[in-house]
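Please prepare a short briefing on the structure shown here.

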Amino acid sequence: MTENPDMSGSPNEESELRRHHRLAIAQWDTEGGAGPCGPQESTAVGTARSAIPDLANTELVQLRVRVIALENLLVALLSGASVSQLKAASDMAELILPRPAAHPHPLTIRAAAHMQHLLANSAHLKATDPC
């Protein structure tokens, strides 16, 4: 597939992009071997996770600062995005749904809502851009 930054290519390229989006979400949904009732961890995985130290408060603060900075950069970039790019981002947010027969996870639902909020912020920024 050829690279197409504004995603205004042929219908085949767009359907290929949508297929990649669905695959990405499917992998996200099952990350860590999650099943309908939550993560299904083996003893080896559980042992490996317990070896990872908890984050210190300072590290959590730095992580929050970085997330805030990334969100603001994303809003700025989305404010200059094409209509088709914004539609693709909105479609991605709509794809974040629980698997069939799975209980909706509150964090997943909040993530999708947050994606839509970032898109709305970018639209507001675009509308107030004096250029």
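Predicted model: local features only at pLDDT ≥ 70, side-chain atom pairs only at ≥ 80, totals over all residues.

The protein chain holds five helices and two strands. Helix H5 packs against H4 at about 160° and against H3 at about 55°. Ser122 sits in H5 and takes part in the contact with H4 and in the contact with H3.

**Whole chain**
- Along the sequence, the elements run α-β-β-α-α-α-α.
- The protein chain has 131 residues, and 16% of them count as buried.
- Its accessible surface is about 9900 Å². Carbon and sulfur atoms contribute 63% of that area.
- Take the contacts with a separation of 6 or more: 67% of them join residues 24 or more positions apart.

**H4 against H5**
- H4 covers residues 83-95, and its axis lies 8 Å from that of H5.
- The angle between the two is about 160°. Angles over 145 degrees count as roughly antiparallel, so H4 and H5 are roughly antiparallel to each other.
- The crossing of H4 and H5 is left-handed.
- H4 contributes Leu86, Ala89, Ser90, Met92, Ala93 and Glu94 to the contact. H5 contributes Ala112, Met115, Gln116, Leu119, Ser122 and Lys126.
- By class, the residues of this contact are seven nonpolar, three polar and two charged.

**H3 against H5**
- H3 covers residues 57-79, and the axes of H3 and H5 are 8 Å apart.
- H3 and H5 pack at about 55° and are therefore oblique to each other.
- H3 and H5 make a right-handed crossing.
- On the H3 side, the contact uses Glu71, Leu74, Val75, Ala76, Leu78 and Ser79. On the H5 side are His114, Leu118, Leu119, Asn121, Ser122, Leu125 and Lys126.
- The contact of H3 with H5 has seven nonpolar, four polar and two charged residues.

**Ser122**
- Ser122 belongs to helix H5, which spans residues 106-128.
- Is Ser122 buried or exposed? Its relative accessibility is 1%. Buried means under 20%, so Ser122 counts as buried.
- Leaving out residues up to four places away in sequence, Ser122 touches Val75, Leu78, Ser79 and Leu86.
- Val75, Leu78 and Ser79 are among the H3 residues that meet H5. Leu86 is one of the H4 residues in the contact with H5.

Terms used: Residues numbered from 1 in each chain as written. Heavy atoms only, no water. Helix = DSSP H or I, 4+ residues; strand = E, 2+ residues; numbered from the N terminus. Buried < 20%, exposed > 50% of the residue type's maximum accessible area, 1.4 Å probe, protein only. Contact = heavy atoms within 4.5 Å. Areas by Shrake-Rupley, 256 points an atom, 1.4 Å probe, with all protein chains shown as cover. Axes fitted to C-alpha atoms, helices over the stretch in contact; angles between N-to-C directions. Parallel < 35°, antiparallel > 145°, perpendicular 65-115°, else oblique. Left-handed = near helix turned anticlockwise from the far one by under 90°. Nonpolar A, V, L, I, M, F, W, Y, C, P; charged D, E, K, R; others polar.
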